[in-house]
Each structure stands twice: as structure tokens, then as C-alpha cells.
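Please open the structure in your viewer and keep the selection panel at hand.

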Amino acid sequence: MRRNGFEKPLNPMQVGTWALLPLLLLQFLFFASPILPIAASIPCTIVVFLCGFFCAYYAYWVCITDPIDRRLQCHLQEAENNDGENNNIQNRNGNTEVTDDDNQTKFCWVCSLDVHELSMHCKFCNKCVGKFDHHCHWLNTCVGKENYDFFFRAVGSTLALVIVHGSVLAGLVISFFVQYSHAQKYGRIDDSIYDRSNHWFNANDGVAVAIVNIVFVVIDAACIVLLGQLFLFHIKLRREGITTYAYIIRDGHRKRDLSKQKMELERRRITAIQQAERDKDIIRKWRLTVGGVPYLGETICRTCDPLRAETSVTTQEGNNIEQGVISEDDASVNDVDEGEGVDVGECAATTNQCTHSDDDVVNHANQSRPVSSNANGGFENEVETSAPVHLHTLNENDESSPPNTVQMIPVTPPENS
């Protein structure tokens, strides 16, 4: 089980990360600071080294912090110390585990222990990580609840480092070649970047210094693109309140749904093209064919595709119907809340029970029995014979039911005195 990112075996990507950071700082110290004007050299060097310090500081804490699940951690501590006094809850195997405010757990079959619901077992670290985000190969450790904030700050400080480092080097390279062109035509300018590059450590080779700076500008540009995407991605995750693992799962479900929709659309397209051939509708067949061309039908010819248009209309109608049903439900609820009382013998959709006269006490168990009409036009009540039935003819002005409707209300006979 890997407890931190510095345990062996080390990852080659991790070695490259820790080697690149001091390389960037040393390159700036020897190839940028001596060439910059003194007014810019000191503040730029301070800013670059501060960014490098925070980058190394936060990356160190990401690696040294163990993001193990709390229940698993306490279980391991108990196994090592043979002490069960600090933990009070027993898991399904009879072992004790840490008390946690969130009781949502799941069972890890690898660790044979109940862990937090958001914990995941990492195959690289061989442990369950609390609120698992992802396994970082660049730092050779898992990122979870305990070290995610350090990871986010490490990415931000590293991005700031390469932006400042690359911007200063790019300015030096541009200034060098501008002044180099000026020196070829009009002569060199004293105490310029071009002049200081030529006198760099008495090497008298400013072009070589510029080439080194160009190489590191390219490295910085690649790092800015990669780290910028990663930093913006994690800003989005923090706003949505989800982890990288949860985002990957959600994105996988979305892609599967889109794939199913695409397959269904292609099936409908083949059927529609065959129907257009039978109907000899050449225009519709051409529109369906063009709409099925990859990329072209999804972008430029999307509006002329009849299937996509029909799907959009159907979806819009479905949304309108759903909104209408919701509106009608809300209106009915409001009508119920604001409705007035009803007359004796009538039923209304109110929160109170139906009210009847004293002689018509409703037996709700028998009232739920179905009522069917016989061949003579009468009604045949399928209720117990011990319960007499009262027939109530509803008012013709009552809008809740058709006129001359007979309502069967079974009543319970009064008890013998």
C-alpha cells in the first residue's frame, strides 16, 4: 500500500516533473536575469522564484498527504496497535471503524471494509481513497479529499510560474532579434539586450543564448496549454461540486446516450430514405442523404435535414405538453386551496373528507366497489347486501358530472339500540 507519493517505485513522469521545476528556475537565473535591465531583472527574478517556491511547497504537501479513506485508516491503525478504544462503531466483519457524521457507506471487496460512499479503490496505490478524484502520475499519488486543495493550488502556482517564465523569455527573444536586425543596419546599441546577450559570461555569442531561450519558450508554451486546460477544468469541477471521477462517469453516460440516439436516428434515416424512394420524392431523399453525411449533416446541413427538424419539433411539443400538465396540476391545487364548500350529498376534491347528511353515512370500504349497468338500464351495485344503498341524482347545473347522473352511495345502517 502506497502511503505517499515519495515511496518507491517512483514514476518516470514524477521524476520528470521534479527535474523540470529546478531546470526552469536555473535557466531563468542564468539565461534571463543577466540579460534583463536591472530595473526589470530583480522583480522578475523574485516573482519567478516565488512562483517556483509555492509550486514546490504545494506539490510537496500533495505527495506527503495520505488521502486514504478515514475508516480504512482507523482500521489499519487499530490492526497495528491492537487498540479498539478510539473507535466505537463495528463494521459487518466485527471490526471497529471510525465514527463519521456521514453514514453513507459502501463495501470495498478489496479492502474488505465499509468505506465512504464517495471513496474509490485505487489500483496504483492499493487502497481506498476518501472522496477519490483521480490518480496523478505526475506526482505519483492519489488526489482525494485530504489533498485536493493542495493539488489545486499546486496546479495554479505552476501555471503562474510557466506564464511568467515564458512571457519574460518571449520578450527577451523578440527584443534580441529586433535589436539584432537594427545592429546589422545601423550598428549596435550600447547596454541593450542584444549587447548584454553578446557579453553573457564573456561568451560573445548572443545567438546561442537566444536559441536556449527559444527552446524554453516552446516548453513554457506547451506547459501553459496543458496546465491552463487542467486548471480551468478543475475550476469547473469546483463550481459544480463534483470530482474528476464523477465527471468521467457522467461523461461516459452522456456519450452512450448520444450514441444510442445517433443509432436510432440512422435507423430512422434508412427507413425514411426507403419510403422516399417508394414515394418517388427525390427532394426529400436528397435532403435525408445529405443530412446523414458525417460532420456535414451535423453542422452545415443540419437545418435542411427533415429528420432532425421533426425530432426538434417533437421534443419541443413534448416539453410544452409537460409544462402544460404541470401548469394544470398547479392550477388544480390552487383551485382546491381556494375552493368553497359544497352542498350535502356532493363530493368535491378538497383536503377534507366528503360530507353527507346524517342519514347518508358513507362506508368508504364499500364505496370503492365497482358499479356496473345491467341490460335494463339500471345499476347493479357489487356491494355487500347488508349495506343499504341511497341513490342521489346530481344537480343538472353541476359541472363536475353529466346531468341526470345517478351516484350510488352505500350507507351503514344505524346500530340497534
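Select helix H2 together with what covers its buried residues: the cover includes helix H1 (12-31), strand S8 (141-143) and helix H4 (148-186). Helices (H or I, at least four residues) and strands (E, at least two) are DSSP runs, numbered from the N terminus. Buried means under 20% relative accessible area, exposed over 50%, and partly exposed in between (1.4 Å probe, protein chains only). The model is predicted: local features need pLDDT of at least 70, side-chain atom pairs count only at pLDDT 80 or more, and totals for chains, interfaces and linings use all residues. Residues are numbered from 1 along each chain as its sequence is written, and side-chain values use heavy atoms, with hydrogens and water left out.

Within H2, colour the buried residues, among them Ser41, Thr45, Val48, Cys51 and Tyr58.

Now select lysine 127, in strand S6 (residues 127-129). Is lysine 127 buried or exposed? Lysine 127 is buried, with a relative accessible area of 1%. A polar atom of its side chain lies 2.8 Å from the backbone oxygen of arginine 2. Beyond four places in sequence, its contacts (heavy atoms within 4.5 Å) include Met1, Asp66, Leu72 and His121.

Finally, colour by pLDDT, the predictor's confidence in each residue, from 0 to 100. The protein's mean is 75, and 68% of its residues reach 70 or more. Over residues 331-412 the pLDDT is below 50.

Notes
Polar contact = N/O pair within 3.5 Å; in protein donor to acceptor, adjacent residues only side chain to side chain.
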